[in-house]
Amino acid sequence: MGITGRKRRCSCSAPSPCEDHLLLLLFLFVAMLLQRAKVESRTLNYTRHRQTSTLRLERISRHLDKINKPPVLTIESPDGDLIDCVHKRKQLALDHPLLKNHKIQKMPTEMPRGMKVNSGSDNEDEGESMRVREDAWQMWHLNGTLCPKGTVPIRRSTVHDVVRAKSLYHYGKKRSQLPLSRRNDAPDVLSANGHEHAIAYTGSSQEMYGAKATINVWDPSIQVMNEFSLSQLWILSGSFDGTDLNSIEAGWQVSPELYGDSRPRLFTYWTSDSYRATGCYNLLCAGFIQTNSRIAIGAAISPVSSYDGNQYDITILIWKDPKVGNWWMSFGDKTLVGYWPAELFTHLADHATMVEWGGEVVNSRSNGQHTFTQMGSGHFAEDGFGKASYFRNLQIVDMDNSLSSVQSISTLAENTNCYDIKSFYSKEWGTYFYYGGPGNNPQCPS
């Protein structure tokens, strides 16, 4: 009864019991505020994170609006690509500040002398029957729809494409690399940051105005998303030891980071400052001017070569227009794709000092060991036709705008236990080589 009476009579004027009660209430109130503050803090951080992501997506969206020009028609490829047919005078290239008053060159003033149509018939090399097909084409053609006259097909870039890149700035660019020490007679290749090569190259004593080769297409496996495997030719002038290297490049590549899949795709690249600020892949920045309405740079090539089966070729020629100075690219038999305007370059505004052909991979050593990313077919050069990748009929364009077979080449592979190269000569294939490899294997563990 005494306890009950104290409860009834409890008031603020009562000493100890009320203080205890108030302290308890105050403690509970403060604890509640602290808990609410924690929840609000977490919510605020989450909101801030979402706002940051939203800002990035807005920046990406603005960039995509800039590079994805309004199409006249959009074609959906079976592989999921969207091919926009853009009026040729509205293409991104003409946004380049150096090309504001540029008049599109419809045709080169002349083709290289000695250029002829390959019959595509079966050839023989080292006694082997050559099951070579030159009808490797592009997957979006399976849709059956073509771009209208006066437009050019451009693979549409998506938010997902950009998000996969290291940053918006890095989207569509090769990462700048520093050269390793090398022999004085070695070519100017970038071998740092895990880039590995198996290439053939010309000497640097002659002036060159173009190059040509036929390359069989494969679908090498890529271990890590930010690695790639490519096969290409390089037109070079300048030096890797400085910041003035000019390079024009074209071939096929597999790059999950750039395209979001593992399909081999036709690609181009250019730079006028050693891959630092200028240039990009394909049509992802202002520069390359496309004139062809049937070839989409960056689109998947299909079909591809198979082990001990049919081999599918693409032929690429790049040469400098002797009168205008633009660097033209043709695909297959005399199919003009477009050109890199002379205004983009410094050294290449004159001529090339070196040409390279071959393969390149990125070895990121993500697990502390050499990557399993394959080069070419994933087989070594010694496996030969039908198993190893090849470049055949290597040619250069001289100062008289004449195509001639390369008489002598040097070869280079940084790590022959991982990827290698072997060159040959035959009547049908002229100067050619096999190259490639599996990457990580018992002889290439690290």
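Reply: Cysteine 147 counts as buried, at 8% relative accessibility (buried means under 20% relative accessible area, exposed over 50%, partly exposed in between, with a 1.4 Å probe and protein chains only). Before going on: this is a predicted model, where local features need pLDDT of at least 70 and side-chain atom pairs count only at pLDDT 80 or more, while totals for chains, interfaces and linings use all residues. Residues are numbered from 1 along each chain as its sequence is written, and side-chain values use heavy atoms, with hydrogens and water left out.

The structure holds three disulfides (a disulfide is a pair of cysteine sulfur atoms within 2.5 Å). Cysteine 147 bonds with cysteine 85, their sulfur atoms 2.1 Å apart. The torsion about that S-S bond is about -80°, so the disulfide is left-handed. Cysteine 85 sits in strand E2 (residues 82-87) and cysteine 147 in the loop between strand E6 (137-138) and strand E7 (151-155), so the pair ties together parts 62 residues apart in sequence (strands, E, are DSSP runs of at least two residues, numbered from the N terminus). Cysteine 85 is buried too, at 0%.

Next come cysteine 280 and cysteine 285, with sulfur atoms 2.1 Å apart. Their link is left-handed, with -85° about the S-S bond. Cysteine 280 is buried at 2%, and cysteine 285 is buried at 19%.

That leaves cysteine 418 and cysteine 444, with sulfur atoms 1.9 Å apart. This link of cysteine 418 and cysteine 444 is right-handed, with 90° about the S-S bond. Cysteine 418 is buried at 0%, and cysteine 444 at 1%.

Counting bonded cysteines along the chain, the pattern is 1-2, 3-4, 5-6.

Terms used. Helix = DSSP H or I, 4+ residues; strand = E, 2+ residues; numbered from the N terminus.
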